[in-house]
Amino acid sequence: MSKSMETDRNKKLDMSRRGILESVLSKLHFELAKDKHTMTLHDDFMALAYAVRDRIVERWIETQQGYHNKNAKRVYYLSLEFLIGRLLSNNMLNLGVKDAALQALADCGLDLDKIESEECDAGLGNGGLGRLAACFMESLATLGVAATGYGIRYDYGIFRQRIVKGFQVESPDEWLKRGNPWEFQRPEYAVVVKFYGRTFMYHNRQGRLCVEWRDTQDITAMPYDIPVPGYENNVVNTLRLWSARSTEEFDLEYFNHGDYENAVYKKMFTENISRVLYPNDATSQGRELRLKQEYFFTAASISDIIRRFKAENSDLRELPQKAAIQLNDTHPALAVVELMRVLLDEAELEWETAWDITVKTFAYTNHTVMPEALECWAIPLFEKLLPRHMQIVYEINSRFMRAVANRFPGDTERLRRMSLIEESSPQRIRMSYLALVASHSVNGVSALHSHLLTTGLFKDFYEFFPEKFNNKTNGISQRRWLINANPGLTGLITQAIGSGWGLDLRQLEKLLPLKEDAAFQEKWQKVKGRNKRDFADFVMRTTGIPIAPEAMLDVQVKRIHEYKRQVLFALYIISQYLRLKDNPAAVKVPRVFVFSGKAAPGYFMAKLIIKFINSIAEVINSDPAVGGNLKVLFLENYGVSLAEKIFPASDLSEQISTAGTEASGTGCMKFMMNGALTVGTLDGANIEMAEAAGKENLFIFGLKTDEIQEMKKHGYVPRDFIAASPLLADVFRMIESNFFSPDQPGIFDPLVRNLKQADPYFICADFDAYCRIQAAISENYLDPADWTRKAISNVAKSGQFSSDRTIAEYCRDIWGVGPVARG
């Protein structure tokens, strides 16, 4: 590079209002080929995104060069989900140009909110797992840690949800239809991924046993990079997403014979791998596609990690000193087998050396306490798809079983429990066990979750590998979920204590002395009031349903699942409707009950719950006797952008999962950080939130984990609790009379039958306690000063739930890395 070119490169793009405006106009003209007569609102979005992207790219290149020059140890975060949502607003915030962009757009008569709404939510995740990964990537950049995220660039993300006659209807999420301004295709780093075939073993001239994987079907993994800027520090990391491409674009022979469908069949079939997030695994084809997805992205990522390592180093035995690979749940667990394959078959290392490298390089995060949620793969499918990997898994298990037998001689039952191979029909590979055995660190995501792992789910492994286990309570990015989502509260907090909390969230504790300040309380209430009015306007605009901003906004938004107990919330709503019909003066506090969330397409009961909630809403919202006292909403197509509208307006956060079932939860933290009070069980992160803010500032109810385990042991009979609760019995009678389903009698019978006969998540047992705590909540809400004091206390003590804190702990305790880049 010439000196003049180097000088030009060092001249940063103008970050001022004028600089942003000039860039936007230039992008409209030269990048999009539009003028004032042809440009659309989407063109305005694309032009602004490109202008912001250029400024990010400058810092991205410098950051990556810095990592290379320092030969820094890098963190590689493997996740099947990255729920990144819209990026424009957050990128402008982290880059420090949001105010300049706002002013520049105002000069052109443009509305930033309308422009931001043109961006598609990148729904590359199903819920908390993917959103956690996105927050972690942002925190890694903010802390200056050399890191790359790896996932899949799904053509269609989590499905688009519509509610039709109360039912969930799924349609494709075409998030790429109009292009993605943030991504860069990197064909020079494409990787060939192999499937099927057979293995061929032979001894080379040195007498070493060698294995070749032959006659494979090959697929190209095409990388697309998305820059991830840190907060006002000029650091930009990379999220690399893989897209499946056929190694043969077109079969000319078929085409020349007029068989146009077969001419492109292989290409279409191959590219299904990255077509959709979580294909329905109810069929054998769906299960095979899911396994292909997992191997596809892990194999491509391992190849990329080794390529990058070799660019700066030569001896693969030093890989653990230069790479830390984190498995976000069991979906990427195949990465450990793939690394072993590369080290054994390509690098020709001995087994002991390869295994030592693998264990020191990998770490595993578990995200569930429920055995049925742990991923397993049938051996016939696995062996057909990945024959060489099956051999390696067998060898890993054989050596591990020998080590367990040596430690616990004669304990055949322990061997059965700890084997990586489940002796079912057909046999299955326990992927969580594989990830655990092949990693040097295994962590849960809340204190309770980690405790339950070591005393229950992984008790045998904890006794064998106690040094591997640790806890890393989840966190969220305050930049996305408070500064960006709630500018009103952000302004009030910054005015009171300064802006340092954007990087050190524990500084929010400076708010504690202000919780008794009447003037500050009044300002706080005004911010909440504005947020609720904005939300009411949004609901009216999008649903046509009027809601009273002064009513309590009582919210449960999350993936629809039985253990999260949306049904408990719904039964309570019916009970309040019954009370109101019996005595209109009985409801002291008007409430708007808000639900939102998606059910897995193949999950019958979850989809029935959605219908149940919407049927309740239809009855209550159309009953003139209710007046403005009760309103029920189910907001369709829950995602990051909708969440950013809900959290700032919420008064009460429903975190009511059955104790001992929620690994952590991060929605609870987002509500807390935005000043909503929590009603919840002692489950997941609720426990640590109560410890941080003080139990007096949350509303805790219900059975504890040990009490539930004891009831399971002695036999739980839900009908006994229904008989002991006249109100719950009345609620069931109302449902069974088809009051909420006159046109579809019996539709909710499976739901009622499940609750009365099994009630696996103890809804009936917790119902009365839940009603009592809700009555206390209503009384408390009638005292605005005390409610506001509690809200301020919650925000002030939310500092420990920043993803910055979580990532700092991973860096210190697991990855052995520190900041490489500084702003």
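I take buried to mean under 20% relative accessible area, exposed over 50%, and partly exposed in between (1.4 Å probe, protein chains only). The model is predicted: local features need pLDDT of at least 70, side-chain atom pairs count only at pLDDT 80 or more, and totals for chains, interfaces and linings use all residues. Residues are numbered from 1 along each chain as its sequence is written, and side-chain values use heavy atoms, with hydrogens and water left out.

Entry on cysteines. I looked up C120 and noted it as partly exposed, because its relative accessibility is 36%. C135 counts as buried, at 1%. I searched the whole structure for disulfides (pairs of cysteine sulfur atoms within 2.5 Å) and found 0. For C135, the closest cysteine sulfur is in C668, 12 Å away, which is too far for a bond.

Entry on helices. I use DSSP runs, numbered from the N terminus: helices are H or I, at least four residues, and strands are E, at least two. The axes of α32 (residues 763–781) and α33 (residues 784–796) come within 7 Å and cross at roughly 110°. Axes are lines fitted to C-alpha atoms, for helices over the stretch in contact, with angles from 0 to 180 degrees between N-to-C directions. I therefore record α32 and α33 as roughly perpendicular (65 to 115 degrees). Contact (heavy atoms within 4.5 Å) joins I777, N780 and Y781 of α32 to P784, D786, W787 and K790 of α33.

Entry on strands. I found an open sheet of 3 strands, ordered β13-β15-β14 with antiparallel pairing; pairing requires at least two DSSP bridges between strands. I421 has I429 in β15 as its bridge partner.

Key:
Angles under 35 degrees count as roughly parallel, over 145 as roughly antiparallel, 65 to 115 as roughly perpendicular and the rest as oblique.
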